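This briefing covers a ligand site and a sheet. Look at the structure first, then read the points below.

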Amino acid sequence: MADFGLLLQHSPSPLQPLQIPWLADKGLRLLVKRDDLLHWPGAPAFGGNKWRKLKYNLLEANRQGHSHLVTVGGAFSNHLAAVAAAGKALGFSTTGIVRGEEIPGTLTPTLEYAMGCGMRLHFCSRSEFRQLREPAFVAQYLQSFEPHYYLPEGGTNGLALRGCAELAKEILAQTGTSEHIVIGVACGTGGTLAGILNGLEGKAKALGVAALKGEFLAGEVSRLLQKYSDANHPEIIIEGNYHFGGYARVSPALFAFMREFRSQHHILLDPVYTGKLFYGLLDLARKDYFAPGTTLIGIHTGGLQGNAGFPDLFTT
Ligand SMILES: *Cc1c(COP(=O)(O)O)cnc(C)c1O
C-alpha cells in the first residue's frame, strides 16, 4: 500500500546558520533552509521544492482516483525526475512529455533516471511544448492519453502554491516573525516564490533570484498570486542579474563559488538554481544591498539530481 501519510507527517527541514565573518561584519546573517534534506526516503529527486509542490497534487490525484500522472519538462528537468520518483514511491504510473525530439542513444542522466523509475517518455516539438502552457491546447493534446492527473510545467498550479506557502510558514515558525527577514529563493516558473509570498502574509520579505532570463517572471508571479491568493502578500521582488546567461547556463566563476561553498559549509549546491541563488545573495550582500540587521534565509530547494549532467563540477 502506498503511504500517502508520509507526505503529511514530515518534520520541518533544518534551518542552518552559516559562519561567514565578512557577512557578520556587515551586520548580516545567512541561514540555509535545508529543504534539500526533505525528500522521500531513498529518493532525493522527490524532494526540495518539488516535494512542496507535488504534495497536495499527489493527495488530490489519489483522492480523484487517478493512478496515472502526466507532466511536461525539459531533458534536465528536476520536475520530471521528481514526478517519476514520486510515482514510483506512491504507486502511480507516469508519463513525461519531454521538450525536443529524441536523439537515439543520447538520453540525459535526468531522463535515464526518470525511465529507471518507470516513467514513459513522450517527446514533443519545442512549439508543441510552448503550446502546452495553454489549457485549451493541453486538453486537445492529451485527449489520446489514458485517463490521468495532469501536472503543468514545473508542477506550478494552485495546489503547488499551497505546499510552498507551508514552507514559508515553517520558516516563520523557526525564526519568529520579524520584518528584518529576507527569504531568498531561486525562480524557474516562479511558482515556489508565489507560494512563499502567499504564506508569508506580509510577515517577512521574499526575494526571487531568476535562474533564467526572467523578464516575464514578475508578471507571472503576479498572475499566479491573483489567481490563487486572496490574502495581502509582500511586494514581488525579482533579482534578474544572476542567471549567468540563461537557464542551465553556467560559468567557471559559478562553479568556483559552488566548490568554495561546499568546502566552507559542507553543503552541495546545483548550478541551475541554488548555486545562482547563493551566489546572488552573497554578491548583493557584498554590494550593501541589504540593511544591517537583516537575516537572510536562502532556501536550498534541492535539485541535486541535475548535477549528474555537469560531470566536471565537483571533480576537483
Ligand atoms: C524547480 C526548481 C526551482 C524553481 O521552482 P519554480 O517554482 O519553478 O520557480 C528552484 N530550485 C530548484 C532546485 C528546482 O528544482
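This is a predicted model: local features need pLDDT of at least 70, side-chain atom pairs count only at pLDDT 80 or more; totals for chains, interfaces and linings use all residues.

Which residue in E6 is the bridge partner of Thr71? The partner is Gly96.

- Strand E5 (residues 68-73) and strand E6 (residues 93-99) run parallel and are joined by six bridges.
- These strands belong to an open sheet of four strands, in the order E7-E6-E5-E8, and the pairing is parallel.
- At the edges are strand E7 (120-124) and strand E8 (149-151), each of which pairs on one side only.
- From one strand to the next, the twist averages 20°.
- Helix H4 (residues 78-90) lies across E5, E6 and E8, and H4 runs at about 165° to E5.

**Contacts with the ligand**
- The ligand is surrounded by 15 residues, and the closest are Lys50, Lys53, Thr189, Thr192 and Thr301.
- Lys53 has a polar side-chain atom 2.6 Å from an oxygen atom of the ligand.
- Thr192 also places a polar side-chain atom 2.6 Å from an oxygen atom of the ligand.
- For Gly190, a polar backbone atom is 2.9 Å from an oxygen atom of the ligand.
- The ligand taken alone exposes 390 Å², and the protein buries 98% of that.

**The shell around the ligand**
- Helix H3 (48-63), strand E9 (181-187) and helix H9 (191-200) are the elements that each give two or more residues to the shell.
- H3 gives the most, with three residues.
- By class, the shell has 10 polar, three nonpolar and two charged residues.

How values were computed:
Residues are numbered from 1 along each chain as its sequence is written. Side-chain values use heavy atoms; hydrogens and water are left out. A residue is near a molecule or strand if one of its heavy atoms lies within 4 Å of it. A polar contact is a pair of N or O atoms within 3.5 Å; within protein, one must be able to donate a hydrogen and the other to accept it, and residues adjacent in sequence count only if both atoms are side-chain atoms. Accessible areas come from the Shrake-Rupley method with a 1.4 Å probe; for residues, only the protein chains shown count as cover. Ala, Val, Leu, Ile, Met, Phe, Trp, Tyr, Cys and Pro count as nonpolar, Asp, Glu, Lys and Arg as charged, and the others, Gly among them, as polar. Two strands pair if DSSP finds at least two bridges between them. Axes are lines fitted to C-alpha atoms, for helices over the stretch in contact, and angles run from 0 to 180 degrees between N-to-C directions. Contact means heavy atoms within 4.5 Å.
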